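Me: I would like to learn how to read packing in a model. Please take me through one feature at a time.

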Amino acid sequence: MATQQKNGGAASSQSCFSHFCSSARRAKTLTSSSTLSTTGDGLIRRLGLFDLILLGVGASIGAGIFVVTGTVARDAGPGVTICFVIAGASCVLNALCYAELSSRFPAVVGGAYLYAYTAFNELTAFLVFAQMMLDYHIGAASIARSLASHLITLLELSPFFKGHVPDWIGHGGQELLGGAISINILAPVLLALLTIILCWGVGESSILNSLMTAAKIIIVLVVIFAGAFKVDVDNWTPFAPNGFKAILTGATVVFFAYVGFDAVANSAEESKKPQRDLPIGILGSLLICAGLYVGVCLVITGMVPYKLLGEDAPLAEAFKSKGMKYVSILISVGAVAGLTTTLLVGLYVQSRLYLGLGRDGLLPSIFAKVHPKRHTPIHSQVWVGFVAGILGGLFNVHTLSHILSVGSLTGYSVVAACVVTLRRKDKRSQVSSRWISAWCESVIYLIIVAGCSFAAGVLYRYSASFIFLIIVAVIAILACAALCLRHAYADPPGFSCPGVPILPAVCIFFNIFLFAQLHHEAWIRFVILNIVAVGIYALYGQYHANPSSDETIVYH
C-alpha cells in the first residue's frame, strides 16, 4: 500500500512537472493582414506620428539631461560628447530591432513581452515582463519623488515658500523607524493626478505629454543657444583627458539616458497607422534625443572647464557662473516638465503591459478590462498608480536605483534575439542537424554571444588581461559567423532591420556588456526575481494562460 502511494506521488509530481514544461514552451501565434479594427470596447486609435515621436522623447528625456551630461563630463572631459554618440549609436541599433518587430506586429500591445511570447515561449515572455515591470514600478516611484523635490525647489524661488515647506511634503521625506520609512506626501498626490489623466483618455494624456514635451524641448534649445554664446573653444582641449577608456565607461553610464524610446512600441493599439508610424516614431524620437544630448554636452564643456563642473546641478551652476541666472530658472522649469512626461509615459506603458498579460491569462482577467467609454485600461492604470504611490510615498526608493536598468537591458537583448529567431522561422534552415533542431541551434548561438559579452564585461570591469578579452570576443564572432552561415533569413513585410543576424547580435553583445557593468546587487536581483517569477507562473500562469485567445488578435 505504501509502495502504491509512493508510486502515485511520484507519478503526480512527474505529471505536474510535465505540465509545467509543456505550458512553459507554449508560444503565441499572431496573424496579420491589412485592415485595422477600431471598433468595440477596446483601446481606440488616436495617436498620430507626431504624438508617437513626442511620446518617445517624453519617455527618454527627463531631468537627467541637465545633470548626467555634466557629471559624466567630470571624468570623460569634453569627450562626453563622444560618450553620447557611442551610446546613441548603440541605442539606434536596438531601435532598429524594435522598429522591425513593431512593424511586424503593429496592432497588439505588449512590446518586448509580446515579441518574446511570439518568438520564444510563454515562460520567457513572463520573465521579461517581470524584469521590466520591477524597473517600471521602482522607477515611477523614484521619478515621482524627484518630481516632487524639483517642484518644491521651483516654488521656493518665491520668497513666500522659501524655507517654509517641510521635508515630508516634497523634499526627500520624513524618516521614521530608523530610516525604514520615509514619508513623502507630494509624490503620491502627483501620481494620483497623472493616473486620473491617463484613465480619462489617451487623447487627453497625449495632449498633456505633447505640451510638456514641447516645452521641455524648447527650454533645452534655449539653453543650448544661450550657452553657445558663452563657449570658449579652449575648454575643449584636451578633448579626452583620461583616455578612451574613460569615454567608453562614460558611454555605459549615459546609455540609460536614452532608455524610453521603446515606450512607442507599447502604444501599438492606439496608433492610427501603426505599421508606418511605429518604426518612424521609435527612430525619430531617439535621433531627436541624441541631438539634444550632444548639443547640451558641447555647451556645458565649452562654457566651463570640465574640472570645475559641479556635482548636483552642473548645467545650472555653469550658467550662474556666467551671470545668466535666468537660464538656471529655465532649467528648473525644464526639469519639472521632463520628469512629468517621463512619469506620465512610464505609467502609460505599465498599464498597457498589464493589459496584455491580463488578456493572455498570465495575470487575472481584471487587468484586461477596458472602459467602454474612455477606452482605457482603468483597472491596470489604477493598479500601477497605486503601487507607485505606495512606494513613492512611504519609501526612499532612490536607494534602489543601483538595481534598476536590468529590465531595460534584458528587454532590449530579448527583442534583438526575437528579430533573429523570427527571421529564421521565415525560411527553412540551409543545414539540418541530427541532434538538435535548427531553432535550438540558433538560440544556442545567441546564448553564446550573450555569455561572451557578459564575460567580456566582467573582464573589462575588473581590468583583466587584454588577452582574455580577445578570446571571448573571438568566440562571440565565431557564434555570429555560425548564425550567418548555417541559417537563412527572409525579409519581413513592413520595416526591415538591416544586417540580420549580425546587427541584432551586436545589440545583444553591447547590452549584456552593460549589464556586467551594473552593481553586483543588480545581478542578484536578476536571479532572485527570475526565481520568484517562475514560482508565480508555476502557481497561476501556466493554468490560466491562453496564448491563442482571440482577444489578442486585433489586426485583421
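Reply: Start with burial. Buried means under 20% relative accessible area, exposed over 50%, and partly exposed in between, with a 1.4 Å probe and protein chains only. Helices are DSSP runs of H or I with at least four residues, numbered from the N terminus. In helix α5, A112, Y113, L114, Y115, A116, Y117, T118 and A119 are buried. So the helix, residues 112-119, is mostly covered, with eight of its eight residues buried.

Me: What should I know about the source?

Reply: This is a predicted model: local features need pLDDT of at least 70, side-chain atom pairs count only at pLDDT 80 or more, and totals for chains, interfaces and linings use all residues. Residues are numbered from 1 along each chain as its sequence is written, and side-chain values use heavy atoms, with hydrogens and water left out.

Me: How many residues does the largest nonpolar core have?

Reply: A nonpolar core is a set of buried Ala, Val, Leu, Ile, Met, Phe, Trp, Tyr and Cys residues joined through side-chain atoms within 4.5 Å. The largest one here has 153 residues. Helix α6 (residues 122-155) gives the largest share, 15 residues. F84, Y98, Y113, Y115, F129, F255 and F319 have the most contacts inside this core. A second, separate core has eight residues, including C452 and Y460.

Me: Which residues does F84 contact?

Reply: Contact means heavy atoms within 4.5 Å. Leaving aside neighbours within four places in sequence, F84 contacts V68, T69, V254, A257, Y258, Y293, V294 and C297.

Me: Is T252 buried or exposed?

Reply: T252 is buried, at 8% relative accessible area. T252 is in helix α9 (residues 243-254). Beyond four places in sequence, T252 touches F513, L514 and Q517. A polar atom of the T252 side chain lies 2.5 Å from the backbone oxygen of T249.

Me: How do I describe two packed helices?

Reply: Use the angle between their axes and the distance between the axes. Axes are lines fitted to C-alpha atoms over the stretch in contact, and angles run from 0 to 180 degrees between N-to-C directions. Helix α15 (residues 438-461) and helix α16 (residues 466-485) pack at about 160°, with axes 9 Å apart. That makes α15 roughly antiparallel to α16. Angles under 35 degrees count as roughly parallel, over 145 as roughly antiparallel, 65 to 115 as roughly perpendicular, and the rest as oblique. Among the contact residues are C452 and Y460 of α15 and L469 and A476 of α16.

Me: Which residues of α7 make the contact with α13?

Reply: A187, P188, L191, T195, L198 and C199 do. The axes of α7 (residues 186-200) and α13 (residues 378-394) come within 9 Å and cross at roughly 170°. The two helices are therefore roughly antiparallel. On α13, the contact includes G385, G389, G392 and G393.

How values were computed
A polar contact is a pair of N or O atoms within 3.5 Å; within protein, one must be able to donate a hydrogen and the other to accept it, and residues adjacent in sequence count only if both atoms are side-chain atoms.
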